[in-house]
Amino acid sequence: MRIPIHKQLMWWGVAAVTLLLAMWLLGQAILPFILGAGVAYLLDPVADRLERAGLSRVMSVVVITVAAVLAFAAVVLLVVPVMLRQATSLIETAPEMLEQGRMFLSNRFPELLPADGSIGTALTDLGAAMGEQMGTLASRLLSSVGGIISAIAILVIVPVVAFYLLLDWDHLVDRVDTLLPREHAPTLRRLSREIDEALSGFVRGQGLVMLILGTWYAIGLMVVGLPFGFFIGIMAALLSFIPYVGVLIGGATAIGVALFSFWGDPLWIGLVIAIFAIGQIVEGNYLQPKIVGHHVGLHPVWLLLALSVFGALFGFVGMVMAVPLAAALGVVGRFLTQRYQESALFTGQALPPDPGQPVLVELVPEGTVANSIRDARIRADQNRAKGQIEIMREEVARRQHDVE
């Protein structure tokens, strides 16, 4: 017997609530496994290509692991120290930059920033506060992140989980497919493919875009001699996964530093502006359409909402899961919208009733039914005659018994 739809929805709702509750309660414990699964998901297409090139699955995973370890070591040894050093210097120099900006505005536009005005006082207080607190905030931030993602999880658990999941990824996908409810399996497969297209198109495509932009911004700003250029370029690229946010924050920071460092030499200031303008033009007209594409379905506002909501609910684990959950919810939302537009609630037209149970029809030669009816009547007459004979025999026997 078929399970009603409302009961199926109830059980699926219970499963979803259980998953969210587990994320909330066990977030820090399962975070390395979530990160490992994410790494395996991102690297699975690379392993598939190596397999098609002739390598076995084990050798493909080994090659990917060695390459990933070398890349990670290069980043830790070459990139991270430079970024930390420039970030610290930028934090220490920021109060002086704000003070110089305040003095410039006060001298050129005294009506905007009067000596006893609230805006000028606020800028002065902001510069002093930044000078006193930014170092403390940075150290607290680094310590909190270190508490969330321990060195053991990053260096041991995540690579091990990613290695084994990548090794058995295709088998895991096939196993999950066998566990899908048979009635809804085609629909779930279609939704899974759409989620995979949206998620892979955004994460892998946007990752490549960020790598290209980070290389362009960092090298370009370092070539023109902008202080802290490497750090500003990398941060602008990392924030570019949200359109316009990276270029606005990175560009504003770079232009501010250029005004502070190159004041009186507009050529170098113009070069800094040109670097971000060229990056934005190339990203909008080539990188995004060609690499990421327009079919991923992750609107910037929807992505920001997902990051805010899941980050507030589940902390750092929620922020890690925000992008895949946003992609999944976007696909499910479009599916439910399509079903709503096909329903009577949207069209105003009642749907036809469900068809009843099928009737079995047997084709027989002409006259078969009439012969069956005639034979049935004959048998009924015979049975009735036999019954009357039996009644007469019983009556005769009863009378003989009375006479005796």
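Helices are DSSP runs of type H or I with at least four residues, and strands are DSSP runs of type E with at least two, numbered from the N terminus. The model is predicted, and local features need pLDDT of at least 70, side-chain atom pairs count only at pLDDT 80 or more, and totals for chains, interfaces and linings use all residues. Residues are numbered from 1 along each chain as its sequence is written, and side-chain values use heavy atoms, with hydrogens and water left out.

Phe 310 is buried, because its relative accessible area is 12%; the word buried stands for under 20% relative accessible area, exposed for over 50%, and partly exposed for values in between, with a 1.4 Å probe and protein chains only. Leaving aside residues up to four places away in sequence, Phe 310 touches Gly 315, Gly 318, Met 319, Ala 322, Leu 325 and Leu 329, where contact means heavy atoms within 4.5 Å.

The UniProt record, an unreviewed entry, annotates residues 12-43, 55-80, 141-167, 208-234, 241-262, 268-287 and 299-332 as "transmembrane region". Such positions are given in the numbering used here, with feature names shortened, and annotations may be inferred rather than shown by experiment. In the model, residues 55-80 are 92% helix and 0% strand, with end C-alpha atoms 34 Å apart. Residues 268-287 are 100% helix and 0% strand, and their end C-alpha atoms lie 26 Å apart.

Helix H7 comprises residues 185-223, and at 1.5 Å a residue its 39 residues should span 57 Å; the end C-alpha atoms are 56 Å apart, which agrees. The expected span of a helix is 1.5 Å times one less than its number of residues. Just after H7, Gly 225 takes a positive phi of about 80°. Phe 228 is found in the loop between H7 and helix H8 (229-238). Most residues other than glycine have a negative phi. Phe 228 counts as buried because its relative accessibility is 14%.

Phe 228 is also touched by Thr 93, which contacts Phe 260 as well, not counting residues up to four places away in sequence. Thr 93 lies in helix H3 (residues 57-108) and is buried, with a relative accessible area of 17%.

Helix H9 runs over residues 245-261, and its 17 residues should span 24 Å at 1.5 Å a residue; the end C-alpha atoms are 24 Å apart, which agrees. The buried residues of H9 are Gly 246, Val 247, Gly 250, Gly 251, Ala 254, Val 257 and Ala 258. They cover an arc of only 135° around the axis, so they are on the same side of H9; the arc is that of the directions from the helix axis to the C-beta atoms.

The structure holds 8 salt bridges, each a side-chain nitrogen of Lys or Arg within 4 Å of a carboxyl oxygen of Asp or Glu. Among them is the pair of Arg 57 and Asp 44, at 2.9 Å from N to O. Arg 57 lies in helix H3 and Asp 44 in helix H2 (residues 27-52), so this pair ties together parts that are 13 residues apart in sequence. Arg 57 is buried at 11% relative accessibility, and Asp 44 is buried at 10%.

Arg 57 also forms a salt bridge with Glu 51, the closest N and O atoms being 2.9 Å apart. Glu 51 counts as partly exposed, at 29% relative accessibility. A further salt bridge joins Arg 57 to Asp 170, with the closest N and O atoms 3.7 Å apart. Asp 170 lies in helix H6 (residues 169-178) and Arg 57 in helix H3, so the pair ties together parts that are 113 residues apart in sequence. Salt bridges that share partners join Asp 44, Asp 48, Glu 51, Arg 57 and Asp 170 into one network.
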